[in-house]
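Work through the exercises below with the model open. Each task is followed by a worked solution.

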Amino acid sequence: ISDSVSYLTSLGIDVMVDLEHYFDGFKFNEEYTLKCCDAAVKAGAKVLVMCDTNGGSMPWEVDEITKETVEKFGNLATIGIHCHNDCGLAVANSLTAAKAGVGLIQGTINGIGERTGNADLCSIVPSLALHISSKMTCNDNLDEITSLSRYLDETLNRTPDRGAPFVGNSAFAHKGGLHVAALERSPDSYQHVDPSKVGNKLRVLISELSGRQNILGKMKKLDMDMDEKTSADRSLVILERVKKLESMGYTFEGADASVELMILHSTQHYCLPFRVLDYTAQVYDTDVDSASRVMSKMENDKTTNGGTVTKTNLARATVNVRVLDDPNHEEDEFLDRLEVAEGNGPVDALANALKKALVPSHPELENLQLIDYKVRILDPAAATAAATRVMIEFKDIKTDRQWTTVSVDRNIISASLNALVDGFEYALKDVVAGCVIEDFE
């Protein structure tokens with residue numbers, strides 16, 4: 001240790017020594033561990049980083065060992081902490097060490113790391129800034145940490161953790177009616193910090209356990225133009241509809257877009273941007289033997305033509321929609337448009353056909369992407385006749401806005417199309433001001 005640090009410092013390099021297995025070593029042989037620290041500091045090390053390499057140290061052990069290390073070497077070097085999350089305590093141990101006197105914390109965005117991960121900076125930094133009032137240079141940019149977290153997940157093609165503290169989609173989500181009513185009166189009653197301080201936002205979830213206040217909160221967010229009595233009556237009707245749909249297998253906790261559309265459909269002046277008149281979906285293949293079919297598809301995917309990969313589409317969909325004839329949304333004239341598209345499956349083909357039919361009238365849909373598709377069988381005992389719940393997540397690549405829709409049907413294609421239609425309609429709810437297509441003859 002002494003030779004290595006001395007050599008590096010002789011070159012004018014500021015040396016940070018990561019002390020692997022520090023806490024385990026301290027518990028096994030305290031005297032030898034402290035001698036290692038002493039050798040590094042005397043050789044010129046600027047930082048000593050205590051590593052909980054196996055992730056098995058408890059917070060009280062970290063507190064005790066950190067205090068002793070800071071007492072002996074804190075005046076000679078900056079003491080740091082590096083925690084792994086094998087016991088789910090990486091964040092707690094890092095914060096404990098901060099309180100015990102460390103001046104540096106190592107971690108990763110979203111806690112990404114080997115085994116169960118490293119200390120999550122998306123939890124540590126907001127905790128230090130908002131609960132411990134630490135003076136960090138990044139405090140002024142704290143409201144960007146949620147977008148940073150999601151950017152990293154998108155870059156790594158990971159599904160964001162909805163339950164992640166501070167930055168997760170459910171971090172400030174509320175479902176119980178009493179909770180929502182209390183939040184209306186005092187935002188601090190059921191949230192530990194203002195979500196906007198970390199770039200997140202309050203979400204009111206709708207489910208059969210919700211109260212009328214949850215629906216009213218959604219209506220307020222949508223800026224519904226109605227008096228208090230009408231709002232109260234309408235919210236009760238919508239709540240009853242939610243309860244009935246959830247008894248059929250729907251779940252609206254992760255499908256805010258479907259809830260907002262339900263509320264908009266309950267108003268007299270809402271205008272449907274389009275209407276699907278009918279559709280068909282076909283799936284075709286060349287081999288019926290399962291092994292041959294799989295091998296055939298794999299070979300087709302690898303076939304090259306001039307250096308480009310070619311794929312064989314195995315589904316075709318036809319969609320007939322009624323749309324506005326004016327892409328500027330200024331005239332109330334309609335036309336029926338029939339389009340055909342292919343895809344890698346019936347849902348992909350339906351999405352392509354629907355987009356193809358709508359883009360000429362609604363060019364803003366060019367920015368629409370489907371980023372997730374989830375299917376759940378609700379009653380497996382019914383076998384192939386089982387009800388299926390489909391949830392589809394959409395993204396506007398221009399604005400980065402995301403939303404999710406849900407549908408349930410015993411026909412998985414119908415459930416998928418209904419969720420698709422809701423998703424496309426939600427993308428247009430703020431830009432279309434035409435007449436009601438339902439009343440057009």
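## Exercise 1: The cover of helix α6

What covers the buried residues of α6 includes α5 (90–100), β4 (104–106) and α7 (145–155). This is a predicted model, in which local features need pLDDT of at least 70 and side-chain atom pairs count only at pLDDT 80 or more, while totals for chains, interfaces and linings use all residues. Residues are numbered from 1 along each chain as its sequence is written, and side-chain values use heavy atoms, with hydrogens and water left out.

Task: state how many residues of α6 are buried, and which residue caps its N-terminal end.

Solution. 
1. Helices (H or I, at least four residues) and strands (E, at least two) are DSSP runs, numbered from the N terminus.
2. Helix α6 spans residues 121–130, and eight of its ten residues are buried. Among them are Cys-122, Ile-124, Val-125 and Leu-128.
3. The cap is Asp-120: one of its side-chain oxygens lies 2.9 Å from the backbone nitrogen of Cys-122.

## Exercise 2: Asn-110

Task: place Asn-110 in the chain and find its side-chain polar partner.

Solution. 
1. Asn-110 belongs to the loop between β4 and α6.
2. Its relative accessibility is 18%, so Asn-110 counts as buried.
3. Contact means heavy atoms within 4.5 Å. Leaving out residues up to four places away in sequence, Asn-110 touches residues including Asp-120, Cys-122 and Asp-153.
4. A polar contact is a pair of N or O atoms within 3.5 Å; within protein, one must be able to donate a hydrogen and the other to accept it, and residues adjacent in sequence count only if both atoms are side-chain atoms. The side chain of Asn-110 makes such a contact with the side chain of Asp-153, at 3.2 Å.

## Exercise 3: Salt bridges

Solution. 
1. The criterion is a side-chain nitrogen of Lys or Arg within 4 Å of a carboxyl oxygen of Asp or Glu. By this rule the count comes to 13 salt bridges.
2. Glu-339 lies in strand β11 (residues 334–343) and Lys-356 in helix α13 (residues 346–358), so the pair ties together parts that are 17 residues apart in sequence. Glu-339 is buried at 18% relative accessibility, whereas Lys-356 is partly exposed at 44%.
3. Salt bridges that share partners join Asp-24, Lys-27 and Glu-61 into one network.

## Exercise 4: Confidence

Task: which stretch has pLDDT below 50?

Solution. 
1. pLDDT is the predictor's confidence in each residue, from 0 to 100. The chain has a mean pLDDT of 82, and 74% of its residues reach 70 or more.
2. The stretch is residues 433–441, which has 19 contacts in the model beyond near neighbours in sequence.
3. Where pLDDT is low, the predicted coordinates should not be read in detail.

Note on methods:
Buried means under 20% relative accessible area, exposed over 50%, partly exposed in between (1.4 Å probe, protein chains only).
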